[in-house]
Amino acid sequence: MELPSGVEYLENFDHGWFIKGNQVWHLPDWTTVDQSWLFSKIQPAQLPFLLTNILPDMINRKLPVYSPIILESQDAVHFQVLEFGTDAIKLKVNVNIDIPMRIPGLEGYLLDGYHLYPGPHPAYLNDFLFKHPADENGIILLQGEDIPNVVAQIEGEWKRFTSGDVQGLLQAHPIQSAIKLILAASVQINNGVGQVTATPMLKVEGVQMSAAAISRRLKPRLQYIRNGSGWIAVDDLRRVGIGVMGRAVNGLSLDNVFSLGAREILERGGYRLEGPWSKIEFPEFNWPHQSSTPVLEHLQFLAHWGLNGGVKGGQVIWGSPLLEYLFQLITQFPKVQILMVGTKVMLESLKKQCSDTFNFTWITSLAEANRLQLEDVSYIAVTPSVLGKQTDLMKQKYDLLIMLEPDLITKSTDTKIYGTLSSIKSRCRFSLFSDANYLEQSNVKSAHEMLLQLHSASEQRWTIFDQNAPLALLPEPYQMKVNTSVKNSSDDLFFSEFDLNESNEEDVGINIPASTISFQERTVKVSVEYESREQQFVEQAKSLADRNGEPAPFVQFMSYWPTYRDMTDSQQKWYFYWRSEVRNMRYPETDLSYIFMHIYELINGVGWAEPKHGLFQLTQLLIHYGEAYRQLENYLFNWIYDFALVHQLTSTIGELDVLTRKPDRLPGEFLAMELLSKFQKSPLQLSLDMLLSLSNYDMKRSRFYLGEGKDDLEFYIPRILAVVDGYINKIHDVRLIDMFSPGEMLVTQRYLFRSAVYNNRLYGSTFSVSHLPILDHEPLREYITQIIKFAENKLREYKGFKGRLKGISLEPEVETLIERYLAREYAKQSITTAIQIDTDKLAQLQLDTEYVREMLTIEEIEDPLETSNDAHMSAEVSHESELVTHLQCAAAEEAQSLDNSVESSWDTADLGEEWLLLAEALNEVHFNALATLMSDAPVIELSRLAEEHGTMPTLLIDEINQAAMEHIGDLIVSEDGVVEEYLNDVKNLKR
């Protein structure tokens with residue numbers, strides 16, 4: 001607050017005394033609160049309270065206060081919920097302001113002039129009103145993703161500015177923010193035996209749903225996805241770990257179904273199960289050992305969770321509970337397949353205790369076994385000796401194998417009975433041990449732990465019940481760690497896992513020779529073994545990196561994904577000799593498997609000190625063995641690109657002819673990037689093969705290309721593209737590639753070193769690659785096709801080749817451009833140049849310079865002499881300048897290297913050295929141009945001269961001035977002709 005100008009408050013008097021000049025007055029209702037507001041700096045957040053409480057109170061007390069800012073009671077903008085349904089919302093919007101401004105530090109208010117309105121932040125509000133203009137009645141209809149966007153605002157800041165059935169709207173379209181990614185364990189019971197699996201699930205408001213299915217619904221630029229009647233923000237999904245394409249943000253497949261092992265079940269988690277999920281959730285996990293029937297419930301617990309285990313203590317402990325368990329099992333699951341193995345005495349003892357309802361088939365002799373019809377029985381009790389002699393019984397698959405006092409019948413892994421029992425295929429195994437305490441012996445204990453396939457101490461402790469030492473509680477749950485490491489920062493795609501051992505028709509190994517490879521079903525154990533195999537290869541390769549090979553005889557070697565352990569001693573001797581030769585730039589013939597193994601070394605970082613040296617070796621292998629082994633090219637082109645990606649050498653490989661001359665072998669994203677890069681620099685850098693990758697017409701199959709036209713097509717097509725590119729840039733101020741831009745960048749995840757023996761811990765499994773998908777952009781492809789076909793037709797015409805390509809449609813000016821370029825080119829071929837040089841390079845470069853310029857100025861040929869403001873037009877025609885500048889520089893260098901190659905017509909005897917240098921830098925056409933500028937009709941004469949030389953007047957003047965700036969430091973030609981200061985110098989010209 002401020003006092004009027006010149007007014008002071010008299011602090012030494014009682015409250016309310018003021019003075020201005022000689023006048024003093026008193027406000028009797030002045031208070032200490034008024035004084036505190038008068039002398040305090042008002043913060044923006046205090047403004048509403050001041051305007052609604054303090055100032056009205058002061059005015060009521062007749063204090064002479066005034067505020068230029070008026071606080072309005074109505075909202076700056078007000079939303080009214082009119083209708084809402086499943087797929088649409090209808091709002092009425094009242095806007096009461098013209099130019100809303102936000103006061104920094106004051107939230108919830110907008111300033112329009114001197115009027116302060118309650119209102120939301122203007123940023124999103126302005127965007128919303130712009131995208132959703134109301135009709136004449138102020139009605140806005142929202143559908144699709146616009147619904148959750150506005151609901152989120154109404155649920156938040158806009159709530160105080162919204163009326164109508166707001167609560168009903170929020171209930172009809174709730175934003176579901178209570179979400180988390182979990183690993184949900186479940187048990188599937190089949191014939192009384194469980195199997196535990198865990199699947200990534202998204203838990204939304206307490207309800208589980210498939211995380212993979214949600215992930216696949218994510219699309220670029222999508223902000224919300226529909227979930228029943230509610231909406232989930234995509235940002236929230238990414239925050240909890242959901243990526244796209246059925247994967248988590250770290251690339252892990254959300255379709256993975258983890259089969260849990262015994263330890264992972266008992267500890268409710270494990271290292272292998274860690275991922276982007278926040279936790280692993282199990283069904284209710286009742287540990288039975290506090291009950292009155294612990295043995296019975298222990299057996300039930302084991303079967304329910306599919307765990308192998310047993311009971312100690314002998315038949316007196318487990319006899320009755322076992323029979324009770326079997327009775328319940330058979331009653332509930334009559335189709336269960338049970339095999340019970342024990343001595344004859346043990347079986348006969350149990351048989352006496354069993355009722356007829358068990359319907360067990362008791363086999364204690366071979367005669368009984370021979371009479372057995374397996375298809376008629378489900379529950380079999382047999383002695384070990386009979387079992388070992390009955391192949392049919394051994395081959396049968398069982399749900400439950402019950403071993404009665406196995407510690408009495410086998411005490412080591414070397415016995416025949418152990419072999420018989422271990423070979424039985426069953427989903428669950430129970431061992432009911434004797435009371436002889438044989439398990440106290442380490443060898444017996446170890447044998448029976450192996451028989452039960454118990455691999456850890458926790459498995460053994462909690463799955464084998466001991467009445468003398470019962471465990472009251474399960475082990476502490478494994479502390480799962482959230483693993484949300486992201487391989488890249490792309491918001492579109494994340495892939496980080498690739499198992500070389502998964503069967504994938506697209507990723508089948510190298511065909512050496514063609515064969516069928518069968519893969520085992522993917523299991524945890526297989527995956528770990530194959531990962532260690534790759535790691536072992538790298539470690540062994542490092543240890544053998546410096547080994548030099550002595551001369552050795554060649555030995556054939558053919559292997560899929562070859563490693564050192566796949567080679568015999570003689571094969572290794574040849575390999576290391578061959579590798580030494582290759583490292584010395586000698587490339588003897590060898591088998592493909594040897595080559596692949598050396599490649600595996602290189603891509604895994606073995607055999608080079610700097611990445612560029614590794615890249616060089618890979619390309620040399622491609623050069624020297626690619627032609628002999630076509631399948632090598634199929635893989636090595638991709639692996640070289642992968643190598644360049646991980647070592648940031650992609651710009652280097654773009655310069656390797658061995659790669660660019662076979663664009664059909666290049667990875668699509670790399671080819672797209674190379675095409676874009678070369679188009680942006682200069683289309684002249686593009687080879688014909690690369691251009692054809694953008695064409696729908698396969699020119700290499702045409703009779704003209706296969707016959708006499710090959711050389712001309714390969715020479716002229718890139719130059720014609722450069723001419724067209726420069727013309728489009730000059731006329732439309734846009735590059736050809738930009739005119740046909742496919743739009744947004746495409747981000748793809750590239751699997752690194754696919755189908756190679758590669759340790760993905762070195763550089764990861766995938767690499768994020770961003771590129772414009774120009775290869776698939778049909779408008780660009782069609783335009784390039786039309787240019788190529790039209791140019792080929794003109795070349796056919798010049799070559800007298802019969803037959804023309806049809807279906808060509810180009811702009812008339814572009815057709816004229818190409819026609820004139822080729823006409824000039826072929827016309828000049830018949831002219832004998834007066835300049836004799838050692839090679840044809842200078843002549844060709846000079847012709848290219850003139851013709852490209854002339855083709856870029858079709859519309860300007862008839863223009864008069866232009867002003868000096870156009871002196872730098874060649875710089876504006878910048879994207880033909882790479883070609884033109886290169887040609888100019890090369891031509892100048894060639895010209896200066898020749899003695900008297902151009903005879904000067906300029907008498908420089910009385911001029912300084914700088915003029916002599918200028919004279920040497922100019923060509924005959926420039927001398928003629930300067931002489932023309934001294935004539936009576938300079939404009940007409942200069943235009944005629946430019947026409948004769950395939951250029952235009954302004955470019956001639958520009959070239960003269962550029963040379964003059966370089967040698968004498970000034971322009972010698974202006975818009976009025978030769979600069980007056982230099983008239984006498986130019987007059988020395990002789991025509």
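Arg61 lies in the loop that connects helix H2 (47–60) with strand E4 (70–71). In this predicted model, the side chain of Arg61 forms a polar contact of 2.9 Å with the side chain of Asp57. Beyond its neighbours within four places in sequence, Arg61 is in contact with Asp29, Thr31 and Asp34.

**The protein as a whole**
- The protein contains 40 helices and 28 strands.
- Of its 991 residues, 49% are buried.
- Where contacts join residues at least 6 apart in sequence, 66% of them link residues at least 24 apart.

**The sheet that includes E4**
- Two bridges join E4 to strand E8 (residues 115–118), and the two strands run parallel.
- Ile70 has His115 in E8 as its bridge partner.

**The four-stranded sheet**
- Another open sheet has four strands in the order E9-E6-E5-E10, and its pairing is mixed.
- Strand E9 (139–143) and strand E10 (162–164) each have a single partner strand, so these edge strands are left without a neighbour in the sheet on one side.
- From one strand to the next, the twist averages 30°.
- Strand E5 (residues 77–84) and strand E6 (residues 88–95) are antiparallel and are joined by seven bridges.
- Within this pairing, Glu83 has Lys90 in E6 as its bridge partner.
- Helix H3 (residues 122–131) packs on the sheet and touches E5, E6 and E9.
- The direction of H3 makes about 50° with that of E5.
- In a regular strand, side chains alternate between the two faces of the sheet.

**The hairpin of E2 and E3**
- Strand E2 (residues 17–20) pairs with strand E3 (residues 23–26) in the antiparallel sense, over four bridges.
- Trp17 stands opposite His26 in E3.
- Two residues lie between the strands of this hairpin, and Gly21 adopts a positive phi near 60°.

- Helix H22 (residues 611–625) consists of 15 residues and reaches 21 Å from its first C-alpha to its last, close to the 21 Å expected at 1.5 Å a residue.
- The buried residues in H22 include Leu615, Leu618, Leu622 and Tyr625.
- Helix H26 (residues 668–681) consists of 14 residues and reaches 20 Å between its first C-alpha and its last, close to the 20 Å expected at 1.5 Å a residue.
- Among the buried residues in H26 are Phe670, Leu671, Glu674, Leu675 and Lys678.
- An α-helix has 3.6 residues a turn, so residues three or four places apart point the same way.

**A pair of packed helices**
- Helix H38 (residues 938–948) packs against helix H39 (residues 953–967) at an angle of about 90°, and their axes are 8 Å apart.
- This angle makes H38 roughly perpendicular to H39.
- On the H38 side, Leu942, Ser943, Leu945 and Ala946 meet Pro953, Leu956 and Ile957 in H39.

Note on methods
Residues are numbered from 1 along each chain as its sequence is written. This is a predicted model: local features need pLDDT of at least 70, side-chain atom pairs count only at pLDDT 80 or more; totals for chains, interfaces and linings use all residues. Side-chain values use heavy atoms; hydrogens and water are left out. Two strands pair if DSSP finds at least two bridges between them. Axes are lines fitted to C-alpha atoms, for helices over the stretch in contact, and angles run from 0 to 180 degrees between N-to-C directions. Contact means heavy atoms within 4.5 Å. A polar contact is a pair of N or O atoms within 3.5 Å; within protein, one must be able to donate a hydrogen and the other to accept it, and residues adjacent in sequence count only if both atoms are side-chain atoms. The expected span of a helix is 1.5 Å times one less than its number of residues. Buried means under 20% relative accessible area, exposed over 50%, partly exposed in between (1.4 Å probe, protein chains only). Angles under 35 degrees count as roughly parallel, over 145 as roughly antiparallel, 65 to 115 as roughly perpendicular and the rest as oblique.
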